[in-house]
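Reader: I'm new to this one and would like to learn how to read it. Could you walk me through a few features?

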Amino acid sequence: MVYNPVHEKFDNSLDEGSWNISIANGEGSSAVSGKVLADIRNERDDIVVFTADVMYSNRLADFAKAHPESFINFGISEQHMVSAAAGIATTGKIPYIGTFASFLSLLSCEQIRTSVAYPNLPVRLIGHHSGMTMGFYGTSHHALEDLSILRSMAEMTIICPTDPVQAEAAIRSTVDHSGPIYFRMGRGRDKQVYENVSEAFELGKANELRDGKDVSVITNGLTLRSVVDAAAQLEEEGISVNVIDMHTIKPFDDEAVKRAVAKTGKIMTVEEHSVIGGIGSCAAEVIADNNLNCEFSRHGIYDEYVLIGPPAALYNHYDLDAEGVAKRIREFVIGSNNE
Amino acid sequence: MSEIVNNQKLVRDLEEKAKFIRLETVRLIDIAKSGHYTSVFSCAELFSVLYYHVMSVDPSNPDWEDRDRFVLSKGHAAVGLYPVLADHGFFPKEWLDSYTRVGSAFGDHPDMRKIPGIDFSSGSLGQGLSVSAGMAIGGKMSNKDYKVYCMLGDGELNEGQIWEAILSAANLQLNNLVAIVDRNQMSLDGFTEDIMPVNPIDQKFEAFGWETCHVDGHNLTDLVELFDKISSTKREKPLVIIADTLKGKGVEGMELNNDWHLGYLAEKDRKKVEEEIHRGLQSRT
């Protein structure tokens, strides 16, 4: 069994507000990978896709349906899947393996370090439902440490697509990348930021999405939409925000940070991740290493296991929705102006 | 008749290679002043039969895509594998002299990126069978005929990931995968059956859907016969060979001796051990 067509059937008897796994996953960033990979597989036979009993959650089922001969569902054995991907990568295949970000970066951390990153194999790790997108499913299903862990592994490339357009661009443009890549994906219901695949992504080159003079906000992936919306809101209040989509965490675009410092003198990072080792740390390292003179603030999760709750409520609680981000930016800009 | 004579010569040659593996292990560990003698001594005959009789490899083209693969999941026996690869000409023998020295390609555990002929890096126990399964899947997806041989330690069977791999290899009918358990009876702290028992290994593999067989892992006549039979038999399932061996085999003072998982032989003892290895396994039987 690779693909179960029962999931294609829409149950008309369901109440309008009901949902199941098939209904839940629309066209968001993680959900698009199955389709994109199936399309790439049409052109070349070295693409294989593995998952670990979550192919409907990540829509890699779309690939399984199109190319069952190049797809394996390993069941609930993530560590085995990672090592098997390393093995098949030595035979000329490019494995894309998808499961929840927590089960890749935490459960399979050692397999990734020793059998994927150290041998520098072209394994593509698709960690979806990252951050706290799993909400009330709890800490076991949250991944607020994944960037910190994987960033410290030599040879690892890390990309945080924000929406399906950027996810597609990132996947397509890195197929022939020689080493491992971790794609930090959302839960498949991410709000759109980009419109054109051709303009959404260049590896290691941050996108300066909005020009501004008062403060630069560096973010990516899960929190980018909130920052973009916050910036629009603040513009009306007379605060001009320079928005940088640092979609590639590794290699980090140091030059984009330097430019931002030169332009605004104030840098704020926003992340749905621990502030220890995430994008805030990355930016702080560039600032410290280069003796850049600026005001600096990190907004993210401060050394705690977050509350459980519906994702939207959590974003509200942790000031990671547009309102909350706007509040934090406002405080940073006005606070520092008053000093 | 001539076939028997040929086999006798083959077995004698393979026994000499096993001796060579043990002697080189002693020589290289003398450079490091610390190493896994006994973990190599239990699988010296297995290395010998695999690399000098069974596997199809091309030292002039280590990445030959049709080659048989060998994954040394018990990576701490690499010091016995390096001399075999050098002997085959994967790299100049002089390279071995750098064993464990600063910047060397050759450490206690093998590195596929630095050493021609090493099919996968290992060292962290429990991952090699999954890696081998991945290679076997790759072979099937690419319609290749190669086989993947994976050598596991018996203590390594304590690792949970091994059983994920066993489950999955059976389900995927990886009949191009051969696992070899070096059943040398011991792990670091002592006998496996005292620490975390793994018996009955064969019944466990069988229950998971594998073919199983036993062999005396130090008897090269039996090993040649078994591997010849394996290569001429078509299977539907993955196969595990449980090789009954002794940790430290070939050096009496080290055999099943808990003190010798890691160690070092200073000059006088090294010379004695080398003489004992030269006399061969038959000298005491």
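This is a predicted model: local features need pLDDT of at least 70, side-chain atom pairs count only at pLDDT 80 or more; totals for chains, interfaces and linings use all residues.

Reader: Fine. Where is A:Ser102 found?

Author: Start with the element a residue sits in. A:Ser102 belongs to helix H5 of chain A, which covers residues 101–107.

Reader: And does A:Ser102 count as buried or exposed?

Author: Buried means under 20% relative accessible area. A:Ser102 has 2% relative accessibility, so it counts as buried.

Reader: Which residues is A:Ser102 in contact with, leaving aside its neighbours within four places in sequence?

Author: The contacts of A:Ser102 are A:Leu107, A:Ser140, A:His141, A:His142 and A:Ala143.

Reader: What is B:Gly117 in contact with, beyond its neighbours within four places in sequence?

Author: B:Tyr51, B:Pro62, B:Leu85 and B:Phe90. Take B:Leu85: along the chain it is 32 residues apart from B:Gly117, yet 6.4 Å separates their C-alpha atoms.

Reader: Now the surface. Which residues form a nonpolar patch there?

Author: In chain A, look at A:Phe136, A:Tyr137 and A:Ile308, which together have about 340 Å² of accessible area. A:Tyr137 sits in the loop between strand E4 (124–128) and helix H7 (146–151) of chain A.

Reader: On to the two chains. How many residues of chain B are in contact with chain A?

Author: Count the residues on each side, then look at the area. Here 25 residues of chain B touch 26 residues of chain A. About 1,900 Å² is buried between the chains, and carbon and sulfur atoms give 59% of that. On the chain B side, B:Gln127, B:Met141 and B:Glu164 supply 27% of the area buried against chain A, more than any other three residues.

Reader: How many salt bridges and polar contacts are there between chain B and chain A?

Author: The salt bridge count is zero, while 13 residue pairs are in polar contact, both residues being at pLDDT 80 or more.

Reader: Which helices of chain B supply residues to the side that touches chain A?

Author: Helix H5 (128–141) and helix H6 (160–171) of chain B each supply at least two. H5(B) gives the largest share, with eight residues.

Methods
Residues are numbered from 1 along each chain as its sequence is written. Chains are lettered from A and ligands numbered from 1 in the order in which they are written. Side-chain values use heavy atoms; hydrogens and water are left out. Helices (H or I, at least four residues) and strands (E, at least two) are DSSP runs, numbered from the N terminus. Buried means under 20% relative accessible area, exposed over 50%, partly exposed in between (1.4 Å probe, protein chains only). Contact means heavy atoms within 4.5 Å. Patches are made of residues with over 30% relative accessible area and no salt bridge: like charges are joined within 9 Å, nonpolar side chains (Val, Leu, Ile, Met, Phe, Trp, Tyr) within 5 Å. Accessible areas come from the Shrake-Rupley method with a 1.4 Å probe; for residues, only the protein chains shown count as cover. A salt bridge is a side-chain nitrogen of Lys or Arg within 4 Å of a carboxyl oxygen of Asp or Glu. Buried area is the accessible area (1.4 Å probe) that two parts lose on being put together, summed over both. A polar contact is a pair of N or O atoms within 3.5 Å; within protein, one must be able to donate a hydrogen and the other to accept it, and residues adjacent in sequence count only if both atoms are side-chain atoms.
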